[in-house]
Amino acid sequence: MAKKGGVQQLQADLSSDEEFEKFLLRSGLLVLDIYSEWCGPCLGMVGSLRKIKLELGGDNLQLAICKAGSISYLERFNKKSEPTWMFVTGGKAINIMFGTDVPKLVAMITGMLRSTMAKESHFGYEITELQPIELEQQEVRNKALRICEEIELAECRRKRVEYLRSVTDCIMANLPDIGITVFGPQVNRDMFKKLSEPADPLKIQCKDRKVFPILPADFATVNFAAENPLAPEVIAQLYDKELLMCFWKVEEVLGSPPSVLRQYAHELTKETIKPPDEFNEEEITVPPIIVPLEVTVALPEEAEPPVQEEQDGAAGEEEAEEEGETLKPQLGESDPNDEDEAKAEPEATAAPEPVQEQAKRTRTIRIPPIWVPIDHRTHAALIYTYFRTQTSTFLPPDPVPEPPHIVMTFDSYKKKDLALILETCREDIPLYGFFTSDNPQTAVFIANSVEKYNAKPYVPTDKIVLKVNKVMSATIPTLMTYGPSYVSTNSVVGHKEACQFFPPNYKSALQEEAELHAVKAEKPKKRKKNKKGAEAEDSGKAEAEAQQEADEAAKTSPEEGASTTSSGEDSCESRPATADGTNPDGAPAT
């Protein structure tokens, strides 16, 4: 990058590792102006740096501008727009400053220059090592990112719950007499005949039954508003297993589907007692048709109890040291106990074995044979998730969710640099436009394309506003290298700002072009003459219409008839004018 003569004399221009390493060997205080190639060094500080060097530093103050993109030691500063000043002595970094605060920079250089000339010791860092202020900034940035993720996740959940409520409301309104039963993995399709026995007395009908694999995302949808959800440990045992589900129709006079189906579940899981009869002298207990399934799972080993024991042991040792005077006599009084302690040592060494056995603990999880939600909305959620074909007549397909997005604004003079990105990254940048400012409350729309904006007077304060999808791609990092003047803090704020900049009636240049082509395609074509009879009939009609128009034209004034010919080719209405104000045939527009 070309530099002014004054800048080159005052500051060394470093753009490679070799030049950088050689510069670090210089004595005195080294002040490095670290910059990105697209941003350039901080020329506004040159005057202050020259004054300090001439008045105080001399050969003890060495200045350099360093291109971060081509020096591996400064890679972490690449593509950053904030001015960065690093202070180095003896090959070690002793401080760093961000920003353009001239008094602060002058004070830092003056103080460190004096301490360097006095040969005072400094705590040094490697050039590639993060300094305390950078660690603080990193922590602040990470905290902001965590807060941003929490806000975005909460908003995503809110939208999902809102959509599921609207969908289940629609299902409950259209299928008020339908309920779902979910059977455990111990129940298979072949048992359905046995499962239907209690259904007949209850007068419920199974309209559909299927076996579905259970996925975490599906049950997250099912349980979004469940009043009696399955326990999380039970659901975890159902993942990747196939469960039988039945789609029941319950007559309205019998009660609500949840209550009737819970009665059906009770009939399946209860024991029955048969009284004595001619074949059995005693009562017989008949087991339930379906029973719970008990699954034994191993619990993970816990590392906390040993740590606690060590802490307790350390605390015991401290107590022993504090109370040594009282403990020593007790230990000295019973010397024979030394043998007992020696005998107890093998027992102590053998103790870890049962501890390891205890660490391998197990737990029994009881999986119910049938699950019936007690609320109608969860039944609707089960229908939406597993029996979607039953809703095809009234429930439209799920809309494609709009990806999370943010707003990024740039000074309008960067339009040429951004033109290629806007063209090649249309999927990630669905909308953009030129506005009078980057404040969505006061911004006024100017143009929706670079070509249209170029045709208007240039104003330095104009901004180009981009709606950018927050997806895993290189689009946002690439845009950040061009130094945006504003970026939304998170996708929630970005969505609100995008709605203000780009309301529903906003149309991009591509949308306008597509609509224009659609209108042209809808224009009626001239009738083709295929048959002689049709040609004769059409010509007769044409002659009659021409004669009628000629008669009417004769009755009109010359001014009124000037736009109509005797052949009837044009109507009395003028054709639409083009951009230059003329009709397509060259006549001026009326």
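**Close-up 1: Ser 449, in the loop between β16 (445-447) and α17 (450-454).** Helices and strands here are DSSP runs numbered from the N terminus (helices H or I, at least four residues; strands E, at least two). This is a predicted model, where local features need pLDDT of at least 70, side-chain atom pairs count only at pLDDT 80 or more, and totals for chains, interfaces and linings use all residues. Residues are numbered from 1 along each chain as its sequence is written, and side-chain values use heavy atoms, leaving out hydrogens and water. Ser 449 is buried, at 5% relative accessible area (buried is under 20%, exposed over 50%, partly exposed in between; 1.4 Å probe, protein chains only). Its side chain reaches the backbone nitrogen of Lys 452 at 3.2 Å. Leaving aside residues up to four places away in sequence, Ser 449 touches Tyr 432, Phe 434 and Ala 509 (contact means heavy atoms within 4.5 Å).

**Close-up 2: helix α5 (residues 132-174) meets helix α15 (residues 376-386).** Their axes come within 9 Å and cross at roughly 95 degrees; axes are lines fitted to C-alpha atoms over the stretch in contact, with angles from 0 to 180 degrees between N-to-C directions. That makes the two helices roughly perpendicular (65 to 115 degrees; under 35 is roughly parallel, over 145 roughly antiparallel, the rest oblique). Residues making the contact include Tyr 163 and Leu 164 of α5, plus Ala 380 and Tyr 384 of α15.

**Close-up 3: Asp 417, in helix α16 (residues 415-424).** Asp 417 is partly exposed, with a relative accessible area of 45%.

Key: Polar contact = N/O pair within 3.5 Å; in protein donor to acceptor, adjacent residues only side chain to side chain.
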